[in-house]
Amino acid sequence: MPAHQTLFFYSMGLVRHGSIQKGTELWKENWFDGMKLALIYWPPIVIGLFTFVPTRYGNLYNDSFALIWHVF
């Protein structure tokens with residue numbers, strides 16, 4: 001998750017502003033808040049995946065919550 005969010009912020013800075021420096025500023029402003037949200041969001045989902053969801057529905061369950069996360 002940390003590498004994914006870092007890559008996201010750097011690429012958004014590059015696409016929006018055309019520079020890596022803006023990506024660094026965007027990363028410094030938003031990375032910590034994004035990690036806090038991820039640490040709140042993902043652990044209950046993973047616990048539910050390994051506790052309640054049958055194995056054959058695991059990908060559907062995880063991908064559904066990943067879609068919600070990416071839209072958010």
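User: Lys22 lies in helix α2. How far apart in space are Lys22 and Asn59, C-alpha to C-alpha?

Analyst: Keep in mind that this is a predicted model. Lys22 and Asn59 are 37 residues apart in sequence. In space, going C-alpha to C-alpha, the gap between Lys22 and Asn59 is 36 Å.

User: Is Lys22 buried, partly exposed or exposed?

Analyst: The relative accessible area of Lys22 is 38%. Buried needs a value under 20% and exposed needs one over 50%. Lys22 sits between those cut-offs, so it counts as partly exposed.

User: How many residues apart are Asp33 and Lys36 in helix α2?

Analyst: Helix α2 covers residues 20-51, and both partners belong to it. Asp33 is partly exposed at 42% relative accessible area, and Lys36 is partly exposed at 42% too. Along the helix they're separated by about one turn, because their spacing is 3 residues.

User: Which residues make up the largest nonpolar core?

Analyst: Let's go through it by name. This core has 5 residues. They are Ala38, Trp42, Ile45, Ala66 and Trp69.

User: Which element gives the most to this core?

Analyst: Two elements give two or more residues to the core: α2 and α3, the latter running over 58-71. With 3 residues, the top contributor is α2.

User: How are the axes of α2 and α3 arranged: roughly parallel or roughly antiparallel?

Analyst: The two axes come within 11 Å and cross at roughly 160°. Angles over 145 degrees count as roughly antiparallel. That's why α2 and α3 are described as roughly antiparallel.

User: Is the crossing of α2 and α3 left-handed or right-handed?

Analyst: This is about the crossing whose angle is roughly 160°. The handedness of the α2 and α3 crossing is right-handed.

User: What kind of aromatic pair do Trp27 and Trp31 form?

Analyst: A search of the whole structure turns up 6 aromatic pairs. In the Trp27 and Trp31 pair, the rings are 5.9 Å centre to centre, with 45° between the planes. Under 30 degrees would be stacked and over 60 would be edge-to-face, so this pair is tilted.

User: How many residues apart are Trp27 and Trp31 in helix α2?

Analyst: Neither one is buried: Trp27 is partly exposed at 26% relative accessibility, and Trp31 is partly exposed at 23%. Both lie in helix α2, about one turn from each other, and the spacing is 4 residues.

User: What about Trp42 and Trp69: what kind of aromatic pair do they form?

Analyst: Their rings are 6.3 Å centre to centre, with 65° between the planes. Planes over 60 degrees apart count as edge-to-face. So the Trp42 and Trp69 pair is edge-to-face.

User: How many residues apart in sequence are the parts that the pair of Trp42 and Trp69 ties together?

Analyst: Both of these residues are buried. Trp42 is in helix α2 and Trp69 is in helix α3. The pair therefore ties together parts whose separation in sequence is 27 residues.

User: Which residues form one aromatic cluster?

Analyst: Trp42 and Trp69, the edge-to-face pair, belong to it.

User: Is Gly48 buried or exposed?

Analyst: Gly48 has its place in helix α2. Its relative accessibility is 9%, and anything under 20% counts as buried. So Gly48 is buried.

User: How far apart in space are Gly48 and Gly58, C-alpha to C-alpha?

Analyst: Start with the sequence, where Gly48 and Gly58 are 10 residues apart. In space, their C-alpha to C-alpha distance is 9.9 Å.

User: Phe32 and Gln5 are 27 residues apart in sequence. How far apart are they in space?

Analyst: Phe32 lies in helix α2. It's exposed, with a relative accessible area of 53%. From the C-alpha of Phe32 to that of Gln5, the distance is 9.8 Å.

User: How far apart in space are Trp27 and Leu7?

Analyst: Trp27 is another residue of helix α2. In sequence, Trp27 and Leu7 are 20 residues apart. C-alpha to C-alpha, the distance between Trp27 and Leu7 is 9.0 Å.

Note on methods. Residues are numbered from 1 along each chain as its sequence is written. This is a predicted model: local features need pLDDT of at least 70, side-chain atom pairs count only at pLDDT 80 or more; totals for chains, interfaces and linings use all residues. Side-chain values use heavy atoms; hydrogens and water are left out. Buried means under 20% relative accessible area, exposed over 50%, partly exposed in between (1.4 Å probe, protein chains only). A nonpolar core is a set of buried Ala, Val, Leu, Ile, Met, Phe, Trp, Tyr and Cys residues joined through side-chain atoms within 4.5 Å. Rings of Phe, Tyr and Trp (its six-membered ring) pair if their centres lie within 6.5 Å; planes under 30 degrees apart count as stacked, over 60 as edge-to-face and the rest as tilted. Axes are lines fitted to C-alpha atoms, for helices over the stretch in contact, and angles run from 0 to 180 degrees between N-to-C directions. Angles under 35 degrees count as roughly parallel, over 145 as roughly antiparallel, 65 to 115 as roughly perpendicular and the rest as oblique. A crossing is left-handed if the near helix is turned anticlockwise from the far one by less than a right angle, and right-handed if clockwise.
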